[in-house]
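The structure is shown first, and the description follows.

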Amino acid sequence: MYILIILGYLIIGAIEIIPLYRKKQKKELTVYCIFFLAAFIISLLLSLGVKIPSPAKPIEAIVKAVLGK
């Protein structure tokens with residue numbers, strides 16, 4: 001399964017990253033690569049059976065700290 005994920009991300013990455021590189025859109029390329037890499041790592045970990053903790057509690061704590069409730 002993890003081989004299919006790697007192949008899928010390679011294909012999608014080639015389709016999306018090459019045009020950004022050719023157009024010299026460095027900021028967009030950097031942001032895209034960061035999110036793309038994070039999604040790849042999470043997908044790979046899930047395919048290997050690693051339990052990923054939910055981000056709901058930390059997000060809730062941040063919102064409460066910002067809003068002061």
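## Helix H2

Helix H2 covers residues 26-47; its 22 residues reach 31 Å from the first C-alpha to the last, close to the 32 Å expected at 1.5 Å a residue. Helices here are DSSP runs of H or I with at least four residues, numbered from the N terminus. The expected span is 1.5 Å times one less than the number of residues in the helix. Just after H2, glycine 49 has a positive phi of about 90 degrees.

This is a predicted model, in which local features need pLDDT of at least 70, side-chain atom pairs count only at pLDDT 80 or more, and totals for chains, interfaces and linings use all residues. Residues are numbered from 1 along each chain as its sequence is written, and side-chain values use heavy atoms, with hydrogens and water left out.

## Helix H1

H1 has 21 residues and spans 30 Å from its first C-alpha to its last, close to the expected 30 Å at 1.5 Å a residue. At alanine 14, H1 bends by about 30 degrees; the bend is the angle between axes fitted to the seven residues ending at a residue and the seven starting there.

Ile5, Tyr9, Gly13 and Leu20 of H1 are buried, meaning under 20% relative accessible area, with exposed over 50% and partly exposed in between (1.4 Å probe, protein chains only). The cover over these buried residues includes H2.

## Packing of H1 and H2

H1 (residues 2-22) packs against H2 at an angle of about 175 degrees, with the axes 11 Å apart. Axes are lines fitted to C-alpha atoms, for helices over the stretch in contact, and angles between N-to-C directions run from 0 to 180 degrees. The two helices are therefore roughly antiparallel, a term for angles over 145 degrees.

On the H1 side, the contact (heavy atoms within 4.5 Å) includes Tyr2, Ile6, Ile12 and Glu16, and on the H2 side Glu28, Tyr32, Phe36 and Phe40 are among the residues involved. By class, the contact has 15 nonpolar, 3 polar and 2 charged residues. Nonpolar covers Ala, Val, Leu, Ile, Met, Phe, Trp, Tyr, Cys and Pro; charged covers Asp, Glu, Lys and Arg; the others, Gly among them, are polar.

Lysine 24 lies in the loop between H1 and H2. Its phi is near 55 degrees, a positive value in a residue other than glycine. Most residues other than glycine have a negative phi. At 67% relative accessibility, lysine 24 counts as exposed.

Proline 58 is in helix H3 (residues 56-67) and, at 46% relative accessibility, counts as partly exposed.

Methods. Parallel < 35°, antiparallel > 145°, perpendicular 65-115°, else oblique.
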